[in-house]
Each structure stands twice: as C-alpha cells, then as structure tokens.
Amino acid sequence: MAQDLITQRLDRGPLICAEGFLFELERRGYLSAGEFVPEVALLRPDALEALHRDFQHAGSDIVQAFTYNGHREKMKVIGKEDLLEPLNRAALKIARKVADEKAGNLMAGNISNSNVWDPEDPVSQQSVRDMFDEMVQWAVEEGADFIIAETFYYAGEAEAALEAIKAKGLPAVVTLAPMAENRMIDGPGIVETCVALEQKGASVVGLNCFRGPDTMLPWIQQIRDAVACHVAALPVTYRTTEQEPTFFNLSDHQGCGCPAPHGRPFPTALDPLFCNRYELGAFARDVHAQGVNYLGVCCGASPMHVREVAMAVGREPEAAQFAERMENHFMYGSHDRLPDHIAALGEKA
C-alpha cells in the first residue's frame with residue numbers, strides 16, 4: 001500500500017505546523033475572546049493571510065486553514081449559521097493561496113472539538129458527525145492536502161472525526177487535548193486512544209493544546225513508544241505544571257493586582273505565565289530526539305515561537321536570518337566596538 005503524502009514527508013524529516021490562530025488573532029485585535037470564532041476569514045481576510053505568511057516565514061511547512069471553531073454549532077451560538085460555508089471556503093482558499101506560493105508547503109483543512117459531543121446521546125453525536133462531514137467535504141473541494149482533526153478530549157469524538165476524514169480519502173492528523181484528569185473524558189486512556197486512532201487509519205496521532213511543554217512531554221514519550229505511525233506534539237506556550245497540568249487551571253502565583261473579571265487567568269490573563277522561546281526550543285529538541293517529526297506550537301504561539309521550534313530541529317527558515325545576535329548587544333556583547341564601561345552597566349542596570 002502506497003504511503004500517503006504526509007507520511008512520506010515526515011519519513012524524510014521534521015515538518016513544522018503553526019497553530020494558535022485564535023489567541024494570536026485575538027491579540028492582534030481581529031476576533032473576540034470567549035467566542036473565539038474565526039470570522040476574520042470573512043471580515044479581515046488580509047489579517048488572516050498576513051498571519052499565515054508570518055508563520056510561514058518563521059518556518060511552518062503547513063498552512064492550516066483557520067476553521068477551528070468554524071463549525072455549525074459555534075456559528076449557531078453567535079447567530080451566524082448562514083455564514084458557515086462562506087467562512088469555511090474563505091479560510092480554505094486563503095490557506096491554499098499562501099501554501100501554493102512556497103515550494104514544499106502543504107495546506108491542511110481543519111476540524112476540531114465541537115463542545116457538544118455527548119457520549120450518552122446518539123442525537124448529539126450524529127449532529128457532530130454531520131458537522132465534520134460538511135467541513136471535510138469543503139476542504140476536499142478547496143484542495144486540502146490532508147486534514148488536521150484536533151483538540152479532542154472525548155475519544156469517541158476523535159474517532160468520529162477520523163471516520164469523516166477517511167471517508168473522503170484524505171490523510172488524517174488527529175491530536176488529542178486531554179484535560180487535567182489525564183484521561184479522555186469518556187473514559188479511555190490517552191495512549192490507548194492514540195493506539196486506537198492509529199489502528200483506525202490515522203497517519204499521525206499525538207497531542208495539541210491545553211498542555212504546555214512540561215506536562216505534554218511525558219505523554220508524548222509514552223505515545224511514541226506505543227505507536228508505529230508518526231507522532232504530533234504541539235504544546236501551548238504556558239508553564240503548566242504537574243499540579244496545574246492544563247492552561248485552564250493555571251493560577252497567577254505572582255498575585256496580579258488586576259485579575260481577570262472571569263476569575264482565572266485563562267484565557268485573557270495568561271500573559272505572566274508564558275514560556276520563553278528557549279523552553280519551546282528545548283521541548284522541540286527533546287521530542288524530536290525521541291523520533292517525533294510533526295512539531296509545532298498551539299495557543300499562545302507567535303511567529304517567534306515557531307521559528308524557535310524550527311531552528312531547534314535543524315531547520316533554517318527565512319526568519320532565521322533575524323535570530324538573536326547577542327554578541328552585538330550594547331550590554332551583553334563581545335564586539336570590539338562595544339566599550340567596557342557601557343558593558344559594565346549590565347551589573348547595575
């Protein structure tokens with residue numbers, strides 16, 4: 001049996017995938033936190049295209065259509081179900097355009113957690129399957145090379161997403177986002193679910209979102225040991241811990257005097273809890289050394305984080321030409337034109 005395109009590419013070496021569009025476009029002022037609906041594809045397509053290009057410049061090989069939360073249920077919540085298909089097609093066309101302008105880039109369609117899947121309710125399950133089917137069909141028609149199904153905390157929903165993708169004949173990358181209980185909400189284990197997804201035909205399985213580098217890494221190690229297919233690792237950019245394993249339950253231990261009105265840092269007051277670029281680079285090096293070739297960054301990602309991941313695994317993206325050159329810094333540098341009395345100020349600055 002011939003290998004699919006995504007497997008062929010990953011067999012040759014790492015692929016970088018930028019995610020995190022919701023947070024980054026909210027920071028840039030193009031969508032609302034809380035709702036987190038990707039209307040930007042219709043309202044400001046130029047802004048979405050610019051972010052795709054920034055991530056591409058930073059080293060992302062995959063241009064992922066920004067249709068996360070662009071499903072029928074979410075559009076009903078905001079009263080704009082009539083915009084569902086136009087939004088999806090616009091996002092897919094933008095992603096295809098950007099991918100086609102750089103040799104070797106791939107364009108991925110995207111489906112994600114629905115937030116209405118109920119393991120006890122066949123009616124809700126069928127509505128989710130119908131949402132997946134229509135989104136995958138639009139992605140096929142707009143020329144997606146493969147589909148990313150992401151951020152699933154129900155094993156059954158992840159399997160339903162995979163079925164929808166396989167029914168259309170495209171390769172599938174399926175990533176889970178377990179919550180703090182360290183299992184899927186409907187009962188199966190994290191690793192067990194990845195094994196099942198591989199057996200059902202996923203080209204790549206793994207984790208994305210919810211967990212930062214420290215609390216994602218141990219699970220990636222276990223998944224890599226358990227499956228033969230390629231593994232994906234796309235953490236958020238926040239310092240999750242064993243006590244606070246996801247960014248939902250992170251607390252601001254510095255005691256910010258202006259807490260978020262909704263009572264917790266997630267999602268709009270996480271700023272003091274950012275990982276620095278070196279932590280993301282170290283994570284990428286660690287998982288790549290274990291044989292993980294599908295690498296990226298999820299919520300909180302900026303192009304700088306994507307560049308750090310790409311360079312950590314030996315890639316030289318266009319943005320690498322602007323990587324730090326601290327030897328020329330007026331306080332830390334070693335250049336012979338930097339006077340000693342200025343460099344000495346570093347000890348008292």
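Helices here are DSSP runs of H or I with at least four residues and strands are runs of E with at least two, numbered from the N terminus. On that basis, the span of residues 3–313 is 44% helix and 13% strand, and its end C-alpha atoms lie 24 Å apart. An unreviewed UniProt entry places the feature "domain: Hcy-binding" at residues 3–313; UniProt positions follow the numbering used here, feature names are shortened, and annotations may be inferred rather than shown by experiment.

The model is predicted, so that local features need pLDDT of at least 70 and side-chain atom pairs count only at pLDDT 80 or more, while totals for chains, interfaces and linings use all residues. Residues are numbered from 1 along each chain as its sequence is written, and side-chain values use heavy atoms, with hydrogens and water left out.

## Nonpolar cores

A nonpolar core is a set of buried Ala, Val, Leu, Ile, Met, Phe, Trp, Tyr and Cys residues joined through side-chain atoms within 4.5 Å, where buried means under 20% relative accessible area, exposed over 50%, and partly exposed in between, with a 1.4 Å probe and protein chains only. The largest such core has 101 residues, and those with the most contacts inside it are F23, F66, I111, V174, I223 and F247. Helix α6 (residues 84–100) gives the most to this core, with nine residues. Another core lies apart from it and has 14 residues, among them L10, A108, I148 and V173.

Contact means heavy atoms within 4.5 Å. Leaving aside residues up to four places away in sequence, I111 touches F132, M135, V136, I147, I148, A149, E150, F152, A161 and I165.

Helix α10 (residues 213–226) has 14 residues and reaches 20 Å from its first C-alpha to its last, close to the 20 Å expected at 1.5 Å a residue, the expected span being 1.5 Å times one less than the number of residues. Its buried residues are P213, T215, M216, L217, W219, I220, I223 and R224, and the elements covering them include α9 (190–199), β6 (204–208), β7 (230–234) and α11 (277–289). In helix α9, the buried residues are I190, V191, T193, C194, A196 and L197, with cover that includes α8 (155–167), β5 (172–176), β6 and α10. Just after α9, G201 takes a positive phi of about 115 degrees.

Within strand β6 sits G206, which is buried with a relative accessible area of 0%. Although G206 and T175 are 31 residues apart along the chain, their C-alpha atoms are separated by 4.7 Å. Beyond residues up to four places away in sequence, G206 touches V174, T175, L176, C194, I223, V231 and A232.

## Q125 in helix α7

Q125 is found in helix α7 (residues 122–141) and is buried, with a relative accessible area of 16%. A polar atom of the Q125 side chain lies 3.2 Å from the backbone oxygen of P119. Not counting residues up to four places away in sequence, Q125 touches W117, D118, P119 and E120.

## Cysteines

With a disulfide defined as a pair of cysteine sulfur atoms within 2.5 Å, the structure holds zero disulfides. The sulfur of C17, a residue buried at 0% relative accessibility, is 8.9 Å from the closest cysteine sulfur, in C298, and is therefore too far for a bond. C229 is likewise buried, with a relative accessible area of 13%, and its sulfur is 8.1 Å from the closest cysteine sulfur, in C194, which is too far for a bond.

Definitions and conventions: A polar contact is a pair of N or O atoms within 3.5 Å; within protein, one must be able to donate a hydrogen and the other to accept it, and residues adjacent in sequence count only if both atoms are side-chain atoms.
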